[in-house]
Amino acid sequence: MANSISSTGTDSFVGTARSRVDGPAKVTGLAKYAGEFTAADLAHGYVVSGGIAKGRITAIDTAAAEAVPGVVKVFTHENRPRTAWLDYNYQDAVAPPGSPFRALYDDKILYSGQPVALVVAEDFDTARYAASLIKVAYEVEEPLTDVERQREFGYVPPMKRAGIKPPPEPWGDAEGAFASAPVQLRNDYTLAVEHHNPMEPHASTVVWEGDGRITVYDKIQGVSNSQGYIAGVFGMDKDKVRVLNPYLGGGFGLGLRPQYQLFLAVMAARELERSVRVVLTRDQMFTMSYRPDVRQTISLGSDEEGKLLSLRHEALSGTSRFEDYQEVVVNWSAILYGGCENVALDYRLTQIDTFTPSDMRAPGAVTGVFALEIAMDELAYATKQDPIALRLKNYTDRDPTEGKPFGSKSLRACYEQGAELFGWSERNPEPRSMRDGKELVGWGMATGVWEALMQKSSAQATLTADGKLVVGNSTGDIGTGTYTILTQIAADALGLPMEDVTTKLGDTDLAEAPVAGGSWTAASSGTAVMKACRKIAADVFAMARAMDDSPLANVDLERVVFTGGRIEVAGDPSRSVSLVEAMAAAGVDKVEATESAGPDAGHAKEFASYTHSAIFAEVKIDEELGQVRLTRIVSAIAAGKIINPKTARSQILGGVVMGIGSALEEESMLDHAVGRFMNHNLGEYHVPVNADIHDIDVIFVEEEDKANPMGVKGLGEIGIVGTAAAIANAVYHATGKRIRDLPITIDKIIG
Amino acid sequence: MLIDSGSPGAPAAIGISLTINGEVRELQVAPWTTLLDLLREELDLTGTKKGCDHGQCGACTVLVNGTRINSCLALAVMKDGAEIVTVEGLARHAGQDGAMHPLQAAFVERDAFQCGYCTPGQLCSAAGMISEGHATSREEIREAMSGNICRCGAYTNIVDAIEDVMHAGAAR
Amino acid sequence: MNRFDYVRPTTVEEAVRAIGSAANARFIAGGTNLVDLMKYNVERPERLVDITRLPLEAIEERDGGLGIGALVTNATVAYDDRIKSRYPLLSSAILAGASGQLRNAATTGGNLLQRTRCYYFYDDAMPCNKRDPGTGCQAIGGVNRIHAIFGTSDTCIATHPSDMCVALSALNATVRVTGPAGERIIPLGEFHRLPGDEPQRDTTLAADEIVLSVDLPDEDFGAHHTYLKLRDRLSYAFALVSVAAVMKRDGDTITEARFALGGVAHKPWRNAEAESSLKGKPATRETFEAAADIVIRQAQPQSENGFKVELARRAIIRGLSQAAAGTPQSQSDKRIA
């Protein structure tokens with residue numbers, strides 16, 4: 001097998017379906033999340049959220065709150081402790097260019113829901129009650145939160161966000177070619193603002209250790225980011241700040257950047273010299289980042305047969321007044337269909353009076369690809385093509401944005417296998433042609449794409465004299481299955497049963513790794529763990545060979561295999577030494593290794609790396625009443641090597657379900673008069689519930705990739721990308737109604 | 001008997017008795033403390049989760065006298081005398097001390113969770129739903145489990161796990 | 001959540017005395033709405049009167065119909081064999097609402113008294129005449145996709161959120177209450193009120209009165225009923241529009257038909273003229289369309305909820321069709337009958 005982890009050439013665990021190693025802790029309630037750690041001297045902070053979107057605080061009356069027995073202190077901008085001065089100190093590892101928000105910094109109100117006070121009390125109930133007694137008076141200015149109305153102020157961001165590729169320079173003459181194209185389609189697309197809404201509200205527990213050190217349990221997708229932020233903002237040495245987060249109740253991108261509850265909890269703990277926990281309410285989860293409001297225009301010009309002659313994709317994205325949040329929205333059009341000779345991509349920002357948007361599952365791709373893949377469906381109809389045939393006609397084996405071939409691209413196989421399982425060939429392409437009883441039936445498809453990324457990560461491994469292995473690093477398992485896949489990788493790398501391997505994550509005392517995001521963790525941490533285990537293998541092999549009368553004497557490392565806790569001569573199991581014996585003979589009680597892994601610069605120079613998918617959706621619609629039922633999804637994924645088909649499938653299911661939310665339900669509704677998202681709770685911000693979700697089939701197509709030693713491409717994002725378009729295209733097929741503004745709610749079907 | 005905590009502002013702690021996961025607990029609670037906050041903040045039973053605190057997500061679901069409810073909307077003082085089962089006591093409640101409840105095992109086997117935060121509520125809700133006995137088809141299970149939001153999107157696996165347990169129960 | 005004192009009476013008399021003994025006291029039973037509102041500082045009672053120990057937990061035969069004690073939970077009502085066989089519309093409507101957990105806790109009396117889901121009402125940073133009379137209504141001209149299209153006033157456009165009450169309205173239920181002035185019976189249609197210039201008042205129940213039971217009249221519609229609910233997801237969401245309909249037929253002719261709408265007004269919305277228009281008519285789509293048209297003539301949509309007018313019209317037609325055909329809407333099979 002290519003890319004095997006095991007020295008035997010055949011992996012026992014990698015590539016096989018395994019239940020989560022952290023499953024028992026999660027189903028018994030023993031897994032502890034950031035807001036569930038405690039300390040003897042714990043005080044509870046409750047945040048008071050502001051009620052206006054723009055202006056300043058003219059007065060803040062905390063007397064009644066301070067008078068409540070049990071209240072320790074009320075923090076406001078008037079009495080907050082001093083923190084770092086320069087923006088630089090507040091910029092976390094994934095911050096976009098700009099001036100990061102500083103809670104309680106001064107009297108200025110930058111967005112609705114901004115924290116204006118923190119009440120710290122002996123218990124949670126008291127803090128919440130006292131918070132309700134705080135009166136804030138404002139001088140109100142008119143907020144501007146409508147991206148469309150700020151269009152004229154759009155700008156190309158002068159400072160690029162690290163890791164976010166700006167659109168390539170245009171090539172050819174997109175406008176001219178469009179004007180002369182036999183088939184011309186130009187339409188606007190919008191996706192409603194979405195909030196991440198992980199199930200666990202953001203929380204930070206700061207344990208005051210009393211010796212200048214703090215231990216922080218923070219809801220973050222990578223503890224190193226919180227540690228760096230705390231060190232920068234509060235001027236603390238990193239070695240005085242230990243941050244942990246063994247479990248994270250969902251991130252979806254909201255846990256990439258340290259959020260304001262971390263700042264407030266650390267601030268209060270330092271000032272009060274005691275432990276403090278701050279947990280946000282569900283409504284306060286709408287006072288942070290969100291998937292940005294992006295207004296898109298796509299122009300497709302083609303010949304009569306659907307071959308693209310011109311491709312333009314323009315996007316105007318809202319950002320805050322204080323940071324230039326950027327994501328890749330328009331490049332996807334060229335990455336998928338840029339074989340076209342005339343391409344122009346444009347991405348601009350405009351500022352509105354909200355918090356800074358942020359990465360939310362497949363940031364930019366969800367937004368850009370939803371529009372592109374609806375547009376392609378429109379082109380399929382305009383040119384009377386099968387939607388798959390149209391895409392194949394415009395298929396590219398090169399990434400024209402960087403002028404490189406794809407290292408691997410099994411998208412064709414996704415189309416074929418997905419269509420086969422879905423039964424696509426049975427589709428009558430005519431809109432409104434398929435029915436089931438009272439319901440119209442629609443079948444739609446779309447393509448998904450995401451960049452296969454890798455980040456520099458380190459990992460450590462420790463083999464102890466009892467033959468048990470502990471591996472890990474500081475990144476987080478955000479529900480993706482990282483604990484499990486790293487255990488599989490380590491077990492195969494050293495030939496141990498999985499039961500003898502423990503993976504530790506989410507602790508800054510472990511080897512440093514970046515935040516878990518961008519679907520890069522499997523490749524990055526996985527490779528680092530593999531390398532650390534191989535280093536241990538080499539070290540223990542040396543010990544084994546040095547034993548008196550060693551059965552491995554005169555054998556090279558390349559000629560042995562690690563299996564069943566032993567080192568064997570390949571092909572001769574009679575000559576072997578157990579790992580435990582080797583360590584005992586060498587007189588060591590443990591063998592440790594820390595290794596790093598990073599992107600293969602040589603490969604990246606030659607090849608572009610992307611994951612791809614084909615999504616097929618079936619909807620059943622009661623047209624008269626506008627009710628859409630999403631009855632079937634097939635998602636065919638090309639993402640390189642699959643380490644654990646069970647957890648991998650779950651990753652895709654999760655992406656698909658969130659994509660269903662995008663397509664049909666999710667919408668944060670801004671009242672522009674007050675600049676506030678009004679449906680700020682889970683009763684009125686609708687995410688899919690169990691009744692909304694029917695059958696979802698996931699296919700992983702074979703794909704061999706060499707961007708990293710394991711051939712892994714990552715799965716966290718690809719499941720969501722394109723899903724909303726497939727559903728919107730199915731809605732069109734069912735009803736003949738082309739809806740370009742998501743979500744597709746009842747009003748749009750009957751309207 | 002009229003229980004009266006006295007006037008507002010008076011030190012308000014009312015004595016109640018709860019049986020929590022089989023253990024009788026005599027507790028002093030403020031009238032405004034919810035059952036959820038009592039479990040999480042005072043009894044260190046943090047398995048029961050706070051996802052919204054308003055009955056809109058189901059993460060706080062526990063069994064009260066065998067019935068599934070949202071513990072975030074229940075004042076602890078009002079449950080005086082009740083028997084409470086949380087995720088920590090689910091196995092014991094089912095006579096599976098030391099092992100996992102069949103639902104817990106099925107959730108692990110079916111990968112019916114990702115981040116795990118909604119999971120205790122899903123499990124208690126599923127246990128309550130099964131004992132209610134109104135849902136048998138997949139469609140009915142989906143509807144009956146719709147009070148438990150899973151943002152990771154494990155719904156199909158959750159229904160698979162519940163069906164496994166219901167079918168195994170029917171077979172016994 | 002504010003501080004309050006707590007009393008737990010065991011008789012109705014004690015409860016009525018307790019509610020009258022503090023200026024801002026509230027009864028609490030299931031708590032599924034009140035605790036929610038208290039956490040948002042929308043309700044700030046000084047005293048909670050826990051009525052869960054009162055003897056109001058029975059479903060009893062009453063005057064040929066059924067009387068549902070105020071403390072009977074929504075789940076108990078929905079799954080009660082007598083309710084399922086004699087008032088299946090009520091069972092269906094209850095099962096269309098909330099979640100299994102909420103229905104297990106929420107009571108019949110509490111459901112009657114649940115408050116609007118208007119975003120602005122729930123957000124104490126926003127003005128709201130219902131929450132803080134005189135502060136204004138930001139929903140008018142604001143985010144009002146879910147708001148009322150009938151019976152609104154210039155002070156309030158909130159809707160009544162219950163599914164159960166929509167069915168009770170169509171069933172001509174009555175509410176039996178008692179207070180210091182003694183017992184009285186309030187027809188369901190008069191229990192909830194329109195906002196007018198007192199949007200803070202949801203019902204005609206006096207502050208010191210307690211609901212004893214909801215009483216269902218002796219009336220048999222066979223299979224000619226339905227509860228049809230349309231919403232933004234397929235479960236666990238409030239109605240954009242819902243219809244509760246009951247019908248009696250003599251052959252093809254409608255002899256009696258009643259229907260109420262949910263999600264469109266400050267109370268379950270009935271229209272007597274539309275209902276009487278159905279009487280004596282053949283049970284055809286044309287008949288239902290004519291009735292629906294009568295209803296929507298009174299619609300006054302807001303800036304974002306104009307779609308509700310057409311949705312209500314279509315829902316009425318479909319609901320009446322389902323009732324006429326004797327094919328009530330299933331609440332688990334999401335295909336609309």
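## A first look at chains B and C

In chain C of this predicted model, 65% of the contacts with a separation of 6 or more are made by residues 24 or more positions apart.

Let's stay with chain C for a moment. Its secondary structure comprises 13 helices and twelve strands. Of its 337 residues, 64% count as buried. Along the principal axes, the C-alpha atoms of chain C fill a box of roughly 60 × 50 × 35 Å. How does the radius of gyration of chain C fit a compact globule? The value for chain C is 19 Å, which agrees with a compact globule, because a globule of 337 residues would have a radius of gyration near 20 Å.

| Domain of chain B | Residues |
|---|---|
| domain 1 | 14-91 |
| domain 2 | 95-171 |

Taken over C-alpha atoms, the centres of domain 1 and domain 2 of chain B are 20 Å apart. Where the domains meet, 17 residues of domain 1 of chain B are in contact with 20 residues of domain 2 of chain B.

Which elements give two or more residues to the side of domain 1 of chain B that touches domain 2? They are strand 4 (61-64), strand 5 (67-70) and helix 2 (90-93) of chain B. Strand 4 of chain B provides the largest share of that side, with three residues. By residue type, this side of domain 1 of chain B divides into eight nonpolar, seven polar and two charged residues.

Technical notes. Residues numbered from 1 in each chain as written. Chains lettered and ligands numbered in written order. Predicted model: local features only at pLDDT ≥ 70, side-chain atom pairs only at ≥ 80, totals over all residues. Domains from an automatic or database assignment. Contact = placed C-beta atoms within 7 Å. Helix = DSSP H or I, 4+ residues; strand = E, 2+ residues; numbered from the N terminus. Nonpolar A, V, L, I, M, F, W, Y, C, P; charged D, E, K, R; others polar. Rg over C-alpha atoms; globule rule 2.2 N^0.38 Å. Buried ≥ 20, exposed ≤ 12 C-beta atoms within 10 Å, placed from the backbone.
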